[in-house]
Amino acid sequence: MAAGFKTVEPLEYYRRFLKENCRPDGRELGEFRTTTVNIGSISTADGSALVKLGNTTVICGVKAEFAAPSTDAPDKGYVVPNVDLPPLCSSRFRSGPPGEEAQVASQFIADVIENSQIIQKEDLCISPGKLVWVLYCDLICLDYDGNILDACTFALLAALKNVQLPEVTINEETALAEVNLKKKSYLNIRTHPVATSFAVFDDTLLIVDPTGEEEHLATGTLTIVMDEEGKLCCLHKPGMFPPLQS
Amino acid sequence: MEEETHTDAKIRAENGTGSSPRGPGCSLRHFACEQNLLSRPDGSASFLQGDTSVLAGVYGPAEVKVSKEIFNKATLEVILRPKIGLPGVAEKSRERLIRNTCEAVVLGTLHPRTSITVVLQVVSDAGSLLACCLNAACMALVDAGVPMRALFCGVACALDSDGTLVLDPTSKQEKEARAVLTFALDSVERKLLMSSTKGLYSDTEQCLAAAQAASQHVFRFYRESLQRRYSKS
């Protein structure tokens, strides 16, 4: 009976639960889903983390490579994030070039890294003007059930904390880089940004950690990223969708 | 009607003073708007804020591809082209922000199974680009005659390291600022439609209040320029 009502009038079905201050999966309005983190599972990557927020699963792998720094910032390395939403995670994504959602998520993660100063880019410098580290952070969603931005931010932070960079010295005679794989050190993570996403219902109710269905029914979403000192790194409110009734 | 109206308006908030064009405190740069300047799009507008200039064209309501069709409302699409180079991920992100803002105000249910396309071309960027894009998009939608429930405007503000707020920052002010916040506000209740921030900060309410006060000037400018345009015909 309830399944029929849910198919025909999903928003009304949902409102019945919201009136009682709870949600169909039994959570309170301000409650997060069960979160699991698995760190260092990918041995071929320099750092990795798998995050599960309920059903939403995101894995982040970080690979470090050498690069030449740009001339206007000779002592700064690079952190290059990329979010991939493959067809595996949800039926709405097709294979091919990254869709809009993946690009928006990539830009969001790049903004979080830039704004929160999670890594000082000068720490990635090996030899100013000649050699710097570039960290390629690949975030792949394995299961899409809403709240992808929170999961990605968390996976990125966990993976970066797991990264170990080998010691590199520049040989003066040959001018080549010598990598000492036996001596590795962790990155200096300066802040710990945490993202919290909300779904807005009927312009008044805020729901934390929306699932895929809730995001679809909501009038809008809001994501706030804060660091441990309470400073806001990012307030991402990509507009409101018009209410369904009008 | 093929007439063009060129409306100049120097807008200053009450506290903006001084011999320099931007005094300490809140003041917006010189605005200018030109409508109906392109012949092919259904509506077009060019919006200037100081030296930042964006050209917008609107096509719609028009034919939509079956794959993108929505049965009960119009499909809104926004294309943002940068001044130099190919559009990248940052442009996609801004397109999403502008599209969601337009979707919140455009009455799409009056034109189901159609498409409304807003094309924005950056002509020059001297700070507050996203805000200028939003203003140009709104003026172009009005020029095209797309039904909307409210007008919207974009206001950018920059917070520098000692906490002073500067509205409508130039590129130099944006680079030196600790945080740059862009808000989209609607004209009916000054409600926040969209917000996009860059940098570390802690006080959103003060910035939002300043942006809401500044948006009054922008809406007054819209009203004056439209009045001037339609009173001629």
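Student: What makes Val37(A), Ile39(A) and Phe154(A) a nonpolar patch on the surface?

Tutor: Together they have about 240 Å² of accessible area, by the Shrake-Rupley method with a 1.4 Å probe and only the protein chains shown as cover. Patch residues need over 30% relative accessible area and no salt bridge, with nonpolar side chains (Val, Leu, Ile, Met, Phe, Trp, Tyr) joined within 5 Å and like charges within 9 Å. A salt bridge is a Lys or Arg side-chain nitrogen within 4 Å of an Asp or Glu carboxyl oxygen. This is a predicted model: local features need pLDDT of at least 70, side-chain atom pairs 80 or more, while totals for chains, interfaces and linings use all residues. Side-chain values use heavy atoms, without hydrogens and water; residues are numbered from 1 along each chain, and chains are lettered from A and ligands numbered from 1 as written.

Student: Why is Ile39(A) called partly exposed?

Tutor: Its relative accessible area is 48%. Buried means under 20%, exposed over 50%, partly exposed in between. So 48% is partly exposed.

Student: What makes β10 and β12 of chain A edge strands?

Tutor: The open sheet runs β10-β9-β11-β12 (chain A), with antiparallel pairing. Strands are DSSP E runs of at least two residues; helices are H or I runs of at least four. Pairing takes at least two bridges. β10(A) and β12(A) each have a single partner strand, so one side of each lacks a neighbour in the sheet.

Student: How do you know that β11(A) and β12(A) pair?

Tutor: They share four bridges, and the definition asks for at least two, so they pair. Val225(A) stands opposite Cys234(A) in β12(A).

Methods: Buried means under 20% relative accessible area, exposed over 50%, partly exposed in between (1.4 Å probe, protein chains only).
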